[in-house]
Amino acid sequence: MLTLSITSRQLSLVLPLRAVGLRDLPLVGGKTASLGEMIQHLTPQGIRIPDGFAITATGYRHFLTEAGLGEPLREIFADLKVEDVVNLQVRGEQARNLLLDTPLPADLVAAIGAGYRQLEAQYGPGLAVAVRSSATAEDLPDASFAGQQDSYLNIRGEQALLVACQRCFASLFNDRAIAYRAERGFDHLEVALAICVQKMVPSAAAGVMFSLDPQSGLRSVVLINAAYGLGENVVQGTVNPDEYVVFKPTLHQGYRPVLRKHLGQKHLQMVYEKDQGTDNRPVSLGQQQQYCLNDEEILQLARWACVIEDYYSQLHGTPTPMDMEWAKDENTGEIFIVQARPETVQSQQPHHQLHQYQLSQHPAPLLSGQGVGQGVGQGQVRVITTADLDQFQPGEVLVTTRTDPDWEPIMKRAAAIVTDQGGRTCHAAIIARELGIPAIVGTETATQSLTNGQAVTVSCAEGETGYVYPGLVPFTHETLTLNDLPPTRTQLLLNVGNPAEAFALARLPTDGVGLTRLEFIIANQIQAHPLALLYPERLNPADQARIEQLTVGYLDKAQYFVEKLTRGVGTIAAAFYPRPVVVRLSDFKSNEYARLVGGAVFEPQEENPMLGWRGAARYLDPRYEAAFALECQALRQVRETLGLTNVIVMVPFCRTPAEGRAVLAAMARHGLQQGQNGLQVYVMAELPSNIVLADQFCAIFDGFSIGSNDLTQLTLGLDRDSSLVAHLFDERNEAIQRMVQHLIQTAHAHGRKVGICGQAPSDYPEFARFLVDHQIDSLSLNADSLLKTKLLVAQQEEIPH
């Protein structure tokens, strides 16, 4: 334990971390105060935090006073013009040089040396420390100076520590910090700088962690970014890191709910130089293709994130999502929390408003990456480096390798930001969120693919992936107010196929998900035919190579299918938890299955695939039953490993009651037993036999979901893909309405629920009114029609019948 046996005057200059807390924020800054608070209150709960000491704001002010630097600094800033980049750069350099060229007071030097020697006594001689700036202002407790000043890593020895501290003091006059203060009317001499000196963790891996999703604001998840070596590469956006997402509600219940594991490039590893400082070294391809953390380490970090969030929430009397940094010791394998602060962007957003952006067309994108924000930005490209920041013009699209805090004065003038490197927690992403500017990070090739003056549209309105489109694509922006929406008896559900959109869609006022199609996840995230993963030896060399490429890191290629499907479904189910999520078993037709990687080997050539080997009949066929077992295994893991028991399984294209019973028996053999742990199984009502024999299907299944497209084509005898009869296709036909009315009456008489997941209620308000009048239990809609349909349903329910 660090204790400093120094004079009372020196105690005002240097304090041990465990002696400070949040009450000392004006004295030591937010970063240091938070570390002290956690050391005092959270280390007893098992959270490991490296020890250290603080050089207080009193110490900084003592430096300025003893050296008489106040008046020279005021003279430097007398004619400051922050809108003039050159003027800002000159004034900043003058101020920094003034502090760097002035010796520190002897008593401050002695206090810093004593603090370091005490740390050496605790941890060993030649200790490596991190020296991190922490700006503060006594009269401005709500001001945020995060990331504006410098930090130094792997500092060893008293003399090197003193040099680093002086550089930290000088960094209070970095260009971005000067601009921030000037724009907010802060007196440059009223803001002081404290320094946190903390034992470094020699890191095998490190990164950033949020106790919410920083993109959508969803508070039920923990997001973790990770890269090899020290964590600065993640923060700075030098690498594209691994990304893990953990679901908090079922984590608390003892499950292991890792919803997402995205493998980042991680091509560089920041390591200690031999004596001082750090160096970036290349990471082998084999290491890049492995995750930095195993599941147990991911879950441990997520549990700690919850503990930290709970503590700060109780302390502040309001939910307080947290932004944390962590490191894994390369020698012991132990994990440490090295920083924690309240998250200040998504947690401050108004939750009664929703912004929806929609492009009028979707040309082929120029490139893509991880989207930041949910907006659209347009303008001319400016590819830029640190050497030519002054060339940037307001309203341009900033394209660069990565950003750092020196870029902030021009970032705020950008229409959008696109970077080659970085993940969702890098500097560019964090600042873009704070500024409300759309950004795409980790594109890898933006600086090569885009050219100065090129007109582009940067869209983050299509889920977690952001796209750069050529030209100025027309788009609409609508601000939706979610307050005072009327309640409805009829449940309003969503159709959600893309897991990347789920977290954002979960904010909509919906009762759950009425249809999740496995086909989207299989086609877009898995891409391979399940039988091709089970029997790759049957494929041609090209498909075998593609399978190897898709399944890098998986010895068992079938496990690739199960894991990807588990996490795709799990992400959607978690986003809407505990609201119900109806997941339809795969319903590709044979020609669609054949288009998956390796699919042609296993699929027949059918004259009419629409009426052929699909749905329940396929699951029961010996030629496909091994693949169906993988689907069941994935859904079982969603419910039993992730703990997402809000998932309801739905069987499509079930022609007869006997077929329905056989599918339930097959599911049970694979661990999905109807009724066990509350498992409900629905059936799609999309065949005339489902309607005519509704009473018999009621004895087998727990509910129905009407597939109005197939029901219409099979009732009216139409090929919905034929343009010759397309004009006859109409769900409002009297025959369809009689079918629907009969099903609702029969199902309700047998205590079963009926919903609809087809397109008709979204397209035809009169059909939605018909369904409400006949007391359908739920409508499952596309997101863009949810709010208008909700208002329509509320009005229709008020009409006496």
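A salt bridge here is a side-chain nitrogen of Lys or Arg within 4 Å of a carboxyl oxygen of Asp or Glu. Asp 213, Glu 243, Arg 260, Arg 424 and Glu 464 are linked in a network of such bridges. The model is predicted: local features need pLDDT of at least 70, side-chain atom pairs count only at pLDDT 80 or more, and totals for chains, interfaces and linings use all residues. Residues are numbered from 1 along each chain as its sequence is written, and side-chain values use heavy atoms, with hydrogens and water left out.

## Salt bridges

Side chains of opposite charge can pair when their charged atoms come close. By the rule above, the count comes to 37 salt bridges. Three of them are set out here.

| Pair | Closest N to O distance |
|---|---|
| Arg 424 and Asp 213 | 3.0 Å |
| Glu 243 and Arg 260 | 3.1 Å |

Arg 732 lies in the loop between helix H27 (708-716) and helix H28 (734-749), and Glu 766 lies in helix H30 (765-773), so the pair ties together parts that are 34 residues apart in sequence. Helices (H or I, at least four residues) and strands (E, at least two) are DSSP runs, numbered from the N terminus.

Burial is set by relative accessible area: buried is under 20%, exposed is over 50%, and partly exposed is in between (1.4 Å probe, protein chains only). Arg 732 is partly exposed at 30%. Glu 766 is also partly exposed, at 36%.

Are Arg 424 and Asp 213 buried or exposed? Arg 424 is buried, at 1%, and Asp 213 is buried, at 2%. Glu 243 is buried at 4%. Arg 260 is buried at 13%.

## Nonpolar cores

A nonpolar core is a set of buried Ala, Val, Leu, Ile, Met, Phe, Trp, Tyr and Cys residues joined through side-chain atoms within 4.5 Å. The largest has 105 residues, and Phe 576 and Met 667 touch the most other members. Helix H20 gives this core its largest share, eleven residues. Leaving aside neighbours within four places in sequence, Phe 576 is in contact (heavy atoms within 4.5 Å) with residues including Leu 494, Val 496, Leu 505, Val 513 and Val 581. A second, separate core of 44 residues includes Leu 99, Leu 127, Leu 161 and Val 191.

## Cavity and pocket

Both searches use a 1 Å grid over the protein atoms alone. A cavity is a set of points where a 1.4 Å probe fits but cannot get out; a pocket is an open set with protein on both sides within 12 Å along at least five of seven lines; lining residues have an atom within 4 Å of a point. Points are joined across faces, edges and corners, and a volume is the space filled by probe spheres set on them.

The whole structure holds one cavity of 30 Å³ or more. The largest cavity has a volume of about 180 Å³. It has 17 lining residues, and the closest to its centre are Arg 132, Met 200, Gly 231, Ala 327 and Val 338. Strands S3 (128-136), S5 (192-199), S6 (203-210) and S12 (322-329) each supply at least two lining residues.

The second largest pocket holds about 1,800 Å³ of space. Of its 47 lining residues, the closest to the centre are Lys 261, His 262, Leu 263, Gln 525 and Lys 564. The largest share of this lining, six residues, comes from H20.
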